[in-house]
Amino acid sequence: MVELSAALQNGDALITLAVLLIAVALFISGAMAPELVGLLSVSLLMIGGVLTPLQALSGFGSPALITLMGLFAVSAALFRSGALDRLRELIASERIRTPRRMVGLLTLVVAPISGVVPNTPIVASLLPVLESWCQKRGIAPSRVLLPLSFATLLGGTLTLLGSSVNLLASDVSQQLGYGSLDLFSFSAIGVPVWLAGASYMLLAPRALLPDRNVPDNQLSTNQSLTGYFTEVTIPGSSSLVGQTLRHSRLQRRFDVDVLELQRGGERILPPLADRCIEAEDRLLLRVTRADLLRLQQDHTIQLASANRPSADHLDLVKAEPALSSEGANGQKTVEVLLPAGSTLAGASLRELRFRQRHNATVLALRRGQQTVQERLGQAVLREGDVLLLQAPLDAIRGLQASNDLLVLDQLENDLPTIRRKPQAVTITALMLLVPTVTAVPLVAAVLMAVVLLVLMGCLRTGEVQRSIRLDVILLLGSLSSFSVALQTSGLANAMASDMERLLLNWPAYWALLVIFLATNLITSVMSNAASVALLVPVATQLAPSLSLTPQALLLTVLFGASQSFLTPMGYQTNLMVFGPGRYRFFDVARYGAGLTLLMTFLVPGLILAQAGGG
């Protein structure tokens, strides 16, 4: 640490390191949304005088970020035009009957698509299809959902467009003076990585993936594995008043699990079987989705609204009739997921005024394996929560354009541009082909594709704006300033010198292996974009001592940050499948450890082969 200690005598280096440590702590703790951490870091670097405003904000105007914004719109056009409907049909077909065949389809068909279309919308689109496939065949979703996420991660490194992190790495490379990455700059590495990962997933023992299915004869005793949490209110006119829970038709007919009884200001916990039901009681229930929808039509109870400002003095019988009557007026019940980075996380439904904000009623909440003991309106939302909503079709279409919620149920009739599928596919193909065979820059091809998609009716102008993930743009634009600060303050050079001393006389292969593994472990607890922005400037400084090009070190960091198979929070798609698959924390590591080990030994060798080193 000699060089680092010497560098810290410089005030700019000291400020940069302090901001870096604050950012890392916030990324790991999750105390702030990642994009807010990025904006905070940018502002602190400017306030500390490390960067000028022009240097700090240059990332927001970079070609890579503009390319990503256009790519969001292109992806939206592909989904709205039904370009992936054939894939959905293939998944639901009778030809795919076993988990191993499904894993084969995911790794060999879905993964390559992720090389062009961002993996988050792919997972959001295919998740309900896979769940339906599992239910139809009596297969546990845990057998196929984690492979879905991992397959999209493997495909994300096939081309520059496969992941936002790829574009960030290209931007950082250009800022450091090494030039930007081309569309297929790392495909020679990405293709073997994809094929090796696909082979591992196809040959991996079944025992690595848990079987969290619920046998038909145990549904009544194991609803905790599949249940939603919701509240019901007992109106004064209900036939349940005066009955005990044990003998009530509520449990006889619906077979629900009563977790708590709320009477006035009192909370009564189990055992509750012999408790008499009184008018205005509130019951916290755990119930399957099918029974919940049946409960909604039952006139002996009322589903309690999670969004009512005060339930203590309202007439609950009069407040809720719309839940059952509006179904005939274009209402639809759908599941939505809170993705990583959702601004709704950390607040309750009541605080968010969810019904007024989204014109949607929350019927129930599902949170993986955890039990939600709070009242529905007071439960603080978390990333990965699944909400069961009832709303008009127009409101659900609005939710589909939201960055804070992912609609997991496909609206089969919500494909207004389906007749434009050939145009959308053709324009996307040309977007990929033109920069490859001509001198046209990729960013120009992407922007032209967006314009053509709008002119051809594949996408509306308003949908272009709504498709852009502002949280991702803010995060990537702000994090690129770190790379500049690490360089200008001399901190990157000092850290690289100390690392070079540590790796002195190591063969290039083992040095790359250490860098890959360190990046991968850091990404397991921190944003992969942050890992790339922080580690690329340091790693590329090692190129001369290892007799490699800076791009070789950059690709080592990039692949280490992209192949995140160890934790649910390592990548957003891991988190998206975590709840629906009813996984536990170490399930991800058990299935992903072998894949991580394979990549740790494979990727450095591929990079050296491409670089011509040994």
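Analyst: The axes of helix α11 (residues 187–203) and helix α29 (residues 585–611) come within 10 Å and cross at roughly 155 degrees, where axes are lines fitted to C-alpha atoms, for helices over the stretch in contact, and angles run from 0 to 180 degrees between N-to-C directions. That makes α11 roughly antiparallel to α29, a term used for angles over 145 degrees. Helices are DSSP runs (H or I, at least four residues), as are strands (E, at least two), numbered from the N terminus.

The model is predicted, so local features need pLDDT of at least 70 and side-chain atom pairs count only at pLDDT 80 or more, while totals for chains, interfaces and linings use all residues. Residues are numbered from 1 along each chain as its sequence is written, and side-chain values use heavy atoms, with hydrogens and water left out.

User: Which residues of α11 and α29 make the contact?

Analyst: Among them are Ala188, Pro192 and Tyr200 of α11 and Tyr591, Leu598 and Gln610 of α29, contact meaning heavy atoms within 4.5 Å.

User: Switching topic, where is arginine 582, and is it buried or exposed?

Analyst: Arginine 582 is in the loop between α28 (572–578) and α29, and it counts as buried at 10% relative accessibility, the cut-off being under 20% relative accessible area, with exposed over 50% and partly exposed in between (1.4 Å probe, protein chains only). Its phi is positive, near 55 degrees, in a residue other than glycine.

User: What about the phi of asparagine 359?

Analyst: Asparagine 359, not a glycine either, has a positive phi of about 55 degrees, and is partly exposed, with a relative accessible area of 49%.

Definitions and conventions
Angles under 35 degrees count as roughly parallel, over 145 as roughly antiparallel, 65 to 115 as roughly perpendicular and the rest as oblique.
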